[in-house]
Amino acid sequence: MCLVAMLVASPVDAQQVVRQLLPDADFDHGFAVVRPFTYIDEPNVDSLDFYIPGKQPQWNLVQWNTRYVFKAPGRRKSRHAISYKNETKRVTLTDKRELTLEIRTSKEYLQPRKYGEQWPHLLIEQPFTNAHVHLNEYRQVTMSFDLRLDYCRSAMSKDTYDAGLHAGQTPFYFYVINANPESKGYRDAVWLGIPSYDSREKGTSDERHYQWDIGTSTYIYTISTREAWGDVDFLDHKWHSTKVDVLGLLRDAISRQQENGHFQYTRLEDMVIMSMNFGWEMPGTFDGAVSIRRLRLEGVAK
């Protein structure tokens, strides 16, 4: 059986209304540039305008642990795209609403990362500020998008590279939490992951991951890249598509938690999607660019 098919939700009846749950899914209103360091609370360092300027951004641009804060970056408008750039980062949106995130950590790292040290991120984040996605309202929730790896190059020598410490990767995460104050499991939370490119892998992998995230003190549950994307090679630099059954993934995550003695009082109906993010995590010295388009989070009401 095709693993990808197992994660695709059932077809929607023509009479049922499919809701797009992402505000400004095409990024027209731009980004609020926030969080230059994980230990500094500095919201809205700057704003990036794109095709509908002057609107309140619905997305954050996250730049954790950077030496070059993306503040007042150079703006360039060409015939088919608008881009912002500084010493180590570039964000571009085309008139086809293809978003490219580029980061060059060869200029961020002064030396190869060591165990326990933080690493640079360049992420887009949707905080669902106005309305969290309450999963008890939906019988079906699916996440879909297209991804293209434009390039990823190591700037490390063979004698300094350690696969256990160093990588360039482009994960996608939902942060899901028990928001029912009547539940004994109130505030139980998990990160749901949809992986894509990882410099340590050739092609795609069948392995799911369940781990503790030290930085956020929360469990992470990640499906395999083959379940999400099929048997693809991101190094072909072509567009690839995924569609994931979010409710099915969350059911599996809750079950795994319960098997390990957690989430004993939490049900799927208690959960809400608080936020989501996607982009580059660079625990190794890599330069890379990735593009995303047709980002959709769609729900079918009960």
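Modeller: A residue is buried under 20% relative accessible area, exposed over 50%, and partly exposed in between (1.4 Å probe, protein chains only). The model is predicted, so local features need pLDDT of at least 70 and side-chain atom pairs pLDDT 80 or more, while totals for chains, interfaces and linings use all residues. Residues are numbered from 1 along each chain as its sequence is written, and side-chain values use heavy atoms, with hydrogens and water left out.

Colleague: What makes strand 12 largely enclosed by the rest of the structure?

Modeller: Its count of buried residues. Strand 12 covers residues 172-178, and seven of the seven are buried, so the rest of the structure largely encloses it. Strands here are DSSP runs of E with at least two residues, and helices are runs of H or I with at least four, numbered from the N terminus.

Colleague: Which residues of strand 12 point one way, and which the other?

Modeller: Phe-172, Phe-174, Val-176 and Asn-178 point one way. Tyr-173, Tyr-175 and Ile-177 point the other way. Both sets are buried. In a regular strand, side chains alternate between the two faces of the sheet.

Colleague: How do you know that strand 12 and strand 13 pair?

Modeller: Pairing takes at least two DSSP bridges between two strands. Strand 12 and strand 13 (residues 189-194) have six and run antiparallel. Phe-172 stands opposite Ile-194 there.

Colleague: And what joins strand 12 to strand 17?

Modeller: Seven bridges, again antiparallel, with strand 17 covering residues 271-281. Phe-174 stands opposite Met-276 in strand 17.

Colleague: How many aromatic pairs are there?

Modeller: There are 16. Rings of Phe, Tyr and Trp (its six-membered ring) pair if their centres lie within 6.5 Å; planes under 30 degrees apart are stacked, over 60 edge-to-face, the rest tilted.

Colleague: What is the pair of Phe-172 and Phe-174 called, and why?

Modeller: The ring planes stand at 70° with centres 5.2 Å apart, so the pair is edge-to-face. Phe-172 has a relative accessible area of 0%, and Phe-174 has 1%.

Colleague: How do you know that the charged end of Arg-97 sits over the ring of Tyr-51?

Modeller: The rule wants NZ of Lys or CZ of Arg within 6 Å of the ring centre and within 35 degrees of the ring normal. Arg-97 sits over the Tyr-51 ring at 4.2 Å from its centre. Arg-293 sits likewise over the ring of Trp-239, at 4.1 Å.

Colleague: Is Arg-75 buried, partly exposed or exposed, and why?

Modeller: Partly exposed, because its relative accessibility is 45%. Arg-75 is in strand 5 (residues 74-77). Its side chain makes a polar contact with that of Tyr-84 at 2.7 Å. A polar contact is a pair of N or O atoms within 3.5 Å; within protein, one must be able to donate a hydrogen and the other to accept it, and sequence neighbours count only if both atoms are side-chain atoms.

Colleague: What makes Thr-266 buried?

Modeller: Its relative accessible area of 3%, so it counts as buried. Thr-266 lies in the loop between helix 3 (246-259) and strand 17. Its side chain makes a polar contact with the side chain of Asn-178 at 2.9 Å.

Colleague: What caps the N-terminal end of helix 3?

Modeller: Asp-245 does, with a side-chain oxygen 3.3 Å from the backbone nitrogen of Leu-247. Just after helix 3, Gly-261 has a positive phi of about 85°.

Colleague: What stands out about phi at Asp-24 and at Phe-128?

Modeller: Most residues other than glycine have a negative phi. Asp-24 has a positive phi of about 50°, and Phe-128 has one near 45°. Asp-24 is in the loop between strand 1 (18-20) and strand 2 (31-34). Phe-128 is in the loop between strand 9 (121-126) and strand 10 (133-134). Asp-24 counts as buried because its relative accessibility is 17%. Phe-128, at 1%, is buried too.
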